[in-house]
Amino acid sequence: MDLKPATIEEVLSTFSSHIAKYYPSADVFRRNFDLLLKGKRERPDEAQYPLSLERNIVFLNDLVAEAEAFVGRILAAESDGGAKEEDLSAVLDAVEKKAHEANARRHREAFVDGSAEEFRELREDRAAGGKPYLDKLEFNYRYLMTLRVFLFEFISVLAAIRAGYSIAGETSEILAKIRNHLELTVHYYLGNVAVAEQEGVKPIAG
């Protein structure tokens, strides 16, 4: 099957339209997150709350890394098969399972023996503890959980587009644009930035 050409800007515009449709209110999104964290804080085992956040941060960080690698596979898939035709649910379930299975080891590397460099700043703050550390944990959890939500949404949109379109450009450059767009989307929904809509780039017709 001959694939029609599409730019990554068109793909990102399509993704933005999808998110606006299914997540119409950033305020509601944030309120739901506040309620989620409030419920976690008020559990009977609240003393375990910081440890729970640490483990979730490590899990989400690893999950996002694996999911981003999968995006690269979708981009590289040929018209006669490949990542775009895989069962997305099965693939993403496997990605989550892999991150869960490695979580105890990865948490130890991140916060105990210190061999995971990407968590160095949090590890240093852990020694002081207290509310500043808890606030930082909650910020990282909110960010990574939101990134996970929108990255999985993006994968669904991208896979559907790749069934009929090829995406022009170098994969590394495309992945950088995807990550930048996702980060802006995440910060917008968390209330950290105001994001203006892209002008002049139309979504891909479904």
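**A residue and its helix**

Mentor: Let us start with T185, which in this predicted model lies in helix α8, spanning residues 171–189.

Trainee: Why is T185 called buried?

Mentor: The cut-off for buried is a relative accessible area under 20%, and T185 has a value of 12%, so T185 is counted as buried.

Trainee: What is T185 in contact with, leaving aside its neighbours within four places in sequence?

Mentor: Contact requires heavy atoms within 4.5 Å, and with those neighbours left aside T185 is in contact with F15 and F150.

Trainee: How do you know that the span of α8 is close to the expected one?

Mentor: Helix α8 has 19 residues, and from its first C-alpha to its last it reaches 27 Å, which is close to the 27 Å expected at 1.5 Å a residue.

Trainee: Which residues of α8 are buried, and what puts them on the same side?

Mentor: The buried ones are I174, I178, H181, L182, T185, V186 and Y189. They lie on the same side of α8 because the arc they cover around the axis is only 140°. In general, an α-helix has 3.6 residues a turn, so residues three or four places apart point the same way.

Trainee: What do the buried residues of α8 pack against, and which residues are exposed on the other side?

Mentor: The buried residues pack against α1 (8–22), α2 (26–41), α3 (49–76), α7 (130–162) and β2 (165–167), whereas on the other side of α8 S172 and E173 are exposed.

Definitions and conventions. Residues numbered from 1 in each chain as written. Predicted model: local features only at pLDDT ≥ 70, side-chain atom pairs only at ≥ 80, totals over all residues. Heavy atoms only, no water. Helix = DSSP H or I, 4+ residues; strand = E, 2+ residues; numbered from the N terminus. Buried < 20%, exposed > 50% of the residue type's maximum accessible area, 1.4 Å probe, protein only. Expected span 1.5 Å × (residues − 1). Arc of directions from axis to C-beta.
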